[in-house]
Amino acid sequence: MTELAIGIDGGGSGCRAAVADGRGNVLGRGKAGPANILSDLDNSLLNIVESAREALRDAGLPAETVSKVSAVVGVAGANVGDYGTRIDRALPFADGHVVTDALIALQGALGDSDGVIGAFGTGSVYNARRDGKLRGIGGWGFVVGDQASGARLGRDLLEKSLLAYDKVRPSSPLTARLMSEYGGNPERVVEFAHTAKPKDFARYAPLVFEYAAQDDEIAIAIVKDAAAAIGENLDTLLWPQCPAICLLGGLAKAYGPWLAERHRALLAEPKGDVLQGAIDLAVKFLQERQKGAA
């Protein structure tokens with residue numbers, strides 16, 4: 001009988017895993033490379049498994065134990081086509097469940113309570129629970145979605161920097177800083193953009209917020225556009241008696257001051273992070289499996 005549960009947050013910048021016992025006590029943690037399943041499925045699978053093995057090693061357990069555990073893997077894109085099924089089939093866990101990153105974010109932030117969450121890291125995604133019913137939106141990936149994500153902030157900065165270089169749009173200290181990184185050569189910017197992964201674009205997100213705090217006009221415009229996108233998504237999920245909005249991910253706190261007042265009024269501290277949500281769901285599945293075997 002499986003007695004261990006592993007929760008995995010397969011993020012665009014890296015995978016985090018934690019192994020827990022049947023009561024949810026965390027025994028070990030692990031990290032590995034990114035899991036962008038829509039753009040690099042093979043390496044994503046390798047990193048998901050490696051993060052689980054690292055968590056087992058941290059718990060003092062053999063890495064081979066990975067084939068005996070109940071696991072929940074939360075990744076962006078699990079809801080697209082057959083990606084979730086393909087990942088589930090390829091992973092070595094005894095009892096694996098591949099879910100969206102929105103679901104583990106919701107569980108981590110709200111537990112079993114109602115409310116709305118928005119998660120902002122390399123990608124972005126939203127989810128809501130109302131009267132126990134779930135609804136998720138976004139999480140469509142960097143190419144056609146993930147508005148307000150770190151990757152989109154970085155991409156927007158590169159675009160505006162090239163427009164400033166061509167004198168189509170005004171320049172600013174931020175665009176000058178970006179161009180200086182590439183020796184003032186726009187061709188180098190384009191070369192980077194055509195080979196970069198979402199996590200590579202996302203590394204510019206802190207720079208955008210840094211310059212926005214210094215009243216840089218381009219940085220402010222980028223952040224305001226992103227905050228407006230967040231507002232549209234939140235409004236799609238909110239209802240009149242919604243008790244709380246929780247923002248998660250590396251950019252969550254940075255976005256707080258830029259939101260509309262009606263959204264800020266509902267902001268609440270999350271109960272846990274995205275990885276905690278994966279752990280909680282993994283433990284729930286483990287307990288259900290144990291009950292079924294009893």
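This is a predicted model: local features need pLDDT of at least 70, side-chain atom pairs count only at pLDDT 80 or more; totals for chains, interfaces and linings use all residues.
View 1. Helices (H or I, at least four residues) and strands (E, at least two) are DSSP runs, numbered from the N terminus. Residues are numbered from 1 along each chain as its sequence is written.

**View 2. The open sheet.** The order β3-β2-β1-β4-β5 describes an open sheet of 5 strands with mixed pairing. Its edges are formed by β3 (26–32) and β5 (95–100), each of which pairs on one side only. On average, neighbouring strands are turned by 15° against each other, direction ignored; axes are lines fitted to C-alpha atoms, for helices over the stretch in contact, and angles run from 0 to 180 degrees between N-to-C directions.

**View 3. Helices on the sheet.** Helix α1 (residues 41–58) packs on the sheet and touches β1, β2 (15–21), β3 and β4, contact meaning heavy atoms within 4.5 Å. The direction of α1 makes about 140° with that of β3. Helix α3 (residues 101–110) also packs on the sheet, touching β1, β4 and β5, and its direction makes about 90° with that of β5.

View 4. Of the 10 residues in α3, 9 are buried (under 20% relative accessible area, 1.4 Å probe, protein chains only). Among them are Asp101, Ile104, Leu106, Gln107 and Leu110. Just after α3, Gly111 adopts a positive phi of about 65°. Local features need pLDDT of at least 70, side-chain atom pairs count only at pLDDT 80 or more, and totals for chains, interfaces and linings use all residues, while side-chain values use heavy atoms, with hydrogens and water left out.

Methods:
Two strands pair if DSSP finds at least two bridges between them. Buried means under 20% relative accessible area, exposed over 50%, partly exposed in between (1.4 Å probe, protein chains only).
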